[in-house]
Amino acid sequence: MADGRFYLTTPIYYVNADPHIGHAYTTIMADVIARHHRQLEEEVFFLTGTDEHGAKIAASAAAEGRTPREQADVLSARFRDLGGVLGATNDFFIRTTDPEHEAEVQRILERLHESGDIYRGSYGGWYCTASETFYAESDLLEGRLCPVHKTPVEWVEEENWFFRLSAYRDRLLALYDERPDWVLPQARYNEARRMIELGLEDLSISRAQVEWGVPVPWDPGQTVYVWIDALFNYWTALRYARPGEDLTARFWPPDLHLMAKDILKFHAVIWPALLMAAGLEVPRRMMIHGYVLKGGEKMSKTTGNVVDPFPFIDAYGIDALRYYLVREVRFGEDGTFTAEGFEARYAGELANELGNLLNRVVSMIGRYREGVVPADTGGERELAGEVARTATALREGFARLDLSRAVEEVWRLVQRLNRLVEERAPWSLAKDPARAGELDGTLFALAEGLRAVAIMLWPVIPGSSERILEALGQDPHDVALIRAAWGAGRPEATVQPAGQLFPRVEEVAA
Ligand code: MSP
């Protein structure tokens, strides 16, 4: 941020099942933000990975006839591969079974132990293994069901190690008072604050009956509760992502944690308390996005209403999925995934409004100016102003994490360019030699507007943006946001036929 660096994270995903569109959503949104900050020429560290310990993973492994480690290896690789296919530019992929992570978790636990906030006690409560969490009786749905997964919870009673979370109430409230926007959106900030005000119970941070985990350093008969192990990934990754370097000096604390609301309490209540106990700075901000729904329900393995991202990517290309999710799921709110909605945005917006615009502009420059973009005549001042305003709105939108609005603004510019083609009707101007200057001005403005659009959309549809820049005769890697300034492109560039950026697709079933 202000210090020219930006550290952002996704949750680390459980390796109990294949990734679905819901996981893809978080990774894509994180990647869009990471790319935006790279466009601002900041030093970005983008972390994602997998959460591999605990009862949930052990149970899923047993169900597949695998050892937990085999299960973790197979499924972690699928999440990693998905990241590649999504075009995610993460700088590291952490696995909580990395020996470096495990050793670092033990070191941190020692530190917590020394802080005096760890004690031995016994606990009984309603546990949901899918959430890896205890619930109060009052949180359960009728029939003793987990409020998130709607599956039966079980009574678990153990002697464990506890973290004195209750002692952090005042310090957490002070944090909330000092930093009214550290949890976004506001409704989630209020929700988390209420959890703290209502009172916090101490947290059991070890498990006596779970073998698949990091041993508690001073009591190796117990393993570290998977959520404690997992949360610290945000710290441990920086300690070993670059061998021989400790990136915590440069990148701690995180600028942004991204997640859905299912794990709000862990991040907005428990995590800052753990960091305070460990003597580490708390993150600067977290953004809690909504759920991708299918059939009115959160898409999840437990509910069974998952959509596999791969067939959509194969048929439509990755940029189409990125664009669809950014537009369809308003950042911070729930949104519904449908194959019809996907096709509609693809055909109506990407193919028709953007793809056709490019083809028209390139072919007019080909036909009327032998493929060379005319020099700026200064004839389209108004459009130049709109480009500048859009770039500012985009930057401000991203700074507020109002991504959907930011991208809508750019799309308005795409529509403006389409209207400009109709209004100026270059095909008529071309018939009148006296209006050659006007035609030059318009063709320049269309190419320049599209160049700016391509740069501004690059975080969302990177591959397509690069193709647009190439078609316009521009350097496809010249995507810093300041380069979206009017007239900043390569002058009098030679356009190239672009082909179909978004070709027609046979429908895919969700
Ligand atoms: N392992 C924990 C997180 C530990 S982070 C220190 C976990 N894993 S998870 O595999 O269940 O992933 C949860 C996260 O995946 C959500 O917070 C969200 O980011 C993403 N999503 C999973 N399903 C989703 C939707 N249906 N919609 C939106 N995001 C979804 O919790």
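How many positive and how many negative side chains does the chain have, and how far apart do the centres of the two sets lie? There are 55 positive and 77 negative side chains. The two centres are 4 Å apart. The legends below describe a predicted model.

Figure 1. The chain holds 18 helices and 16 strands. Its C-alpha trace spans about 90 × 45 × 40 Å along the principal axes. The radius of gyration is 26 Å; a compact globule of 510 residues would have one near 24 Å, so the two agree. Of the 510 residues, 58% count as buried. Among contacts with a separation of 6 or more, 77% join residues 24 or more positions apart.

Figure 2. Helix α1 covers residues 21–39, 19 residues in total. From first C-alpha to last, α1 reaches 26 Å. That is close to the 27 Å expected at 1.5 Å a residue. The rest of the structure largely encloses α1, because 17 of its 19 residues are buried. Just after the helix comes E41, with a positive phi of about 65°.

**Figure 3. Helix α18 and its packing partners.** Helix α18 runs over residues 462–471. Its buried residues are P462, S464, S465, I468, L469 and A471. Which helices do the buried residues of α18 pack against? One is α1. The others are α12 (318–328), α13 (339–369) and α17 (436–457). Just after α18, G473 takes a positive phi of about 80°.

**Figure 4. I313 in helix α11.** Residue I313 sits in α11, which spans residues 309–316. Is I313 buried or exposed? With a relative accessible area of 9%, I313 falls under the 20% cut-off, so the residue is buried. Beyond its neighbours within four places in sequence, I313 contacts V85, L86, I318 and L321. L501 lies 188 residues from I313 along the chain. The C-alpha atoms of I313 and L501 are separated by 15 Å.

Figure 5. The bond from L184 to P185 is cis, with omega near -10°. P185 belongs to the loop between β7 (183–184) and α6 (186–197). W252 and P253 are also joined by a cis peptide bond. Here omega is about 5°. P253 lies in the loop between α9 (248–251) and β12 (256–260).

Figure 6. Phi of L401 is near 60°, a positive value in a residue other than glycine. Where is L401 found? L401 occupies the loop between α14 (381–399) and α15 (403–424). Its relative accessible area is 4%, which is under 20%, so L401 counts as buried.

**Figure 7. E492, a positive phi in an exposed residue.** E492 is not a glycine, yet its phi is positive, at about 45°. The residue is found in the segment after α18. With a relative accessible area of 52%, over the 50% cut-off, E492 is therefore exposed. L401, by contrast, is buried.

Note on methods. Residues numbered from 1 in each chain as written. Predicted model: local features only at pLDDT ≥ 70, side-chain atom pairs only at ≥ 80, totals over all residues. Heavy atoms only, no water. Helix = DSSP H or I, 4+ residues; strand = E, 2+ residues; numbered from the N terminus. Rg over C-alpha atoms; globule rule 2.2 N^0.38 Å. Buried < 20%, exposed > 50% of the residue type's maximum accessible area, 1.4 Å probe, protein only. Contact = heavy atoms within 4.5 Å. Lys, Arg positive; Asp, Glu negative; His and termini not counted. Charge placed at Lys NZ, Arg CZ, Asp CG, Glu CD. Expected span 1.5 Å × (residues − 1).
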